[in-house]
Amino acid sequence: MKTLRAVVFLWVFVGLLTSCERDAEVEPPKFERKPVIMCLMTPQMPYAEVQVTYTKPYYGKRKWDDTAETVNGCIIVMTDLSSKVSDTFFSTGSGTYQLNFGKINLTSKNSYELSVKLPDGKIFKAQSTVPPRADFTKARISYFEMREPEDQGGMGWEYTTIPYTMEFEYKGLDDRFYVSPQLEGSFLDSAKNYFPVEMYFQEVMKQGNSDFTVKMLTRSSFYAGWGNEPPFTLQQFEGAIYTMDKPYRDYYLSQFQYDASPFNEPTLFMSNFSEGSLGVFGCYDFAQGTLKY
């Protein structure tokens, strides 16, 4: 009898819960179309390029070929804020505009303003500062240690990893800019074969500081085997060191959020254009070389 009462009480309780449920139709946020302006420039190129499109609604039916609407007929001017020299971009079609350097050149630590006038007369602006090109004489590997090989795996799938700790240092970069090393370690294996290992740092990039040395650390490992057997001997590090201003750094970090899954939220990035528009006007530079330890 008690069991029957408990069952009846449970069904009544579940019924009360389900009877409280209601379907509701909620209107999505009102879509406000905005221009998207992208210009990522570098002194390594002989020109700067700007792309102008409009945002698309996030809600509603999607198409596989649903590309962004390009904006033609814009007037785009870049000004060197130090020399006050300006030059105008020319259209190459499909919302793309180009400026060949010559009248204006990208000079280290100079700031530039990009002004974009749309066909409807609205004007949007942003500023970017050219970072100094990385100098390998200001960089060094201050610490590197390889530890003993470690056997991994199981269930018929065994492999060996080589743990290591590495510290990278860079000095003389002021706090308006960021540094990002993209390095490979060059090793010799037991048979004296060349063995490259890409080094990944815990921080992808770090802000400069004129008074202190910037330090970046990584504790990781690489695989051994498949023709490359320990012990390994470190030869040198080689690759590129990137420098960039804050707008480029913010955009670069946003790309790590990207996932092609249609169920994920869209990637958000920090815009440095004036209110009413979205986009990035940023600058980067890099140098290639080697570092010995």
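The legends below describe close-up views of a predicted model of one protein chain.

**View 1. The chain as a whole, with its helices and strands.** In this predicted model, the protein chain contains two helices and 18 strands. Of its 293 residues, 37% count as buried. Among the contacts in the chain with a separation of 6 or more, 67% are accounted for by residues 24 or more positions apart.

**View 2. An open sheet of four strands.** The strands of this sheet follow the order β5-β4-β8-β9, and their pairing is antiparallel. Because β5 (86-88) and β9 (123-129) stand at the edges and each has a single partner strand, one side of each is left without a neighbour in the sheet. From one strand to the next, the twist averages 20°.

**View 3. The pairing of β8 with β9.** Strand β8, which covers residues 111-117, runs antiparallel to β9 and is joined to it by seven bridges. Within this pairing, Ser111 stands opposite Thr129 of β9. In general, the strands of a sheet pair through backbone hydrogen bonds, in either a parallel or an antiparallel manner.

View 4. Lys84, although not a glycine, has a positive phi of about 65°, and its place is in the loop between β4 (75-80) and β5. With a relative accessible area of 61%, Lys84 is exposed, as this value lies over the 50% cut-off for that class. Lys109 is likewise not a glycine and has a positive phi of about 75°, and this residue is found in the loop between β7 (96-100) and β8. Lys109 is partly exposed, with a relative accessible area of 44%.

**View 5. The second largest pocket and its lining.** The volume of this pocket is about 180 Å³. Its lining is made up of Met38, Cys39, Leu40, Met41, Thr42, Met45, Tyr47, Ala48, Glu49, Gln51 and Tyr284. The elements that give two or more residues to this lining are β1 (35-41) and β2 (47-54). Sorted by class, the lining has eight nonpolar residues, two polar residues and one charged residue.

**View 6. A cis peptide bond between two prolines.** Pro230 and Pro231 are joined by a cis peptide bond, for which omega is about 10°. Pro231 is found in the loop between β16 (214-224) and β17 (233-245).

Terms used. Residues are numbered from 1 along each chain as its sequence is written. This is a predicted model: local features need pLDDT of at least 70, side-chain atom pairs count only at pLDDT 80 or more; totals for chains, interfaces and linings use all residues. Side-chain values use heavy atoms; hydrogens and water are left out. Two strands pair if DSSP finds at least two bridges between them. Axes are lines fitted to C-alpha atoms, for helices over the stretch in contact, and angles run from 0 to 180 degrees between N-to-C directions. On a 1 Å grid over the protein atoms alone, a cavity is a set of points where a 1.4 Å probe fits but cannot get out, and a pocket is an open set with protein on both sides within 12 Å along at least five of seven lines; lining residues have an atom within 4 Å of a point. Grid points are joined across faces, edges and corners, and a volume is the space filled by probe spheres set on the points. Ala, Val, Leu, Ile, Met, Phe, Trp, Tyr, Cys and Pro count as nonpolar, Asp, Glu, Lys and Arg as charged, and the others, Gly among them, as polar. Buried means under 20% relative accessible area, exposed over 50%, partly exposed in between (1.4 Å probe, protein chains only). Contact means heavy atoms within 4.5 Å.
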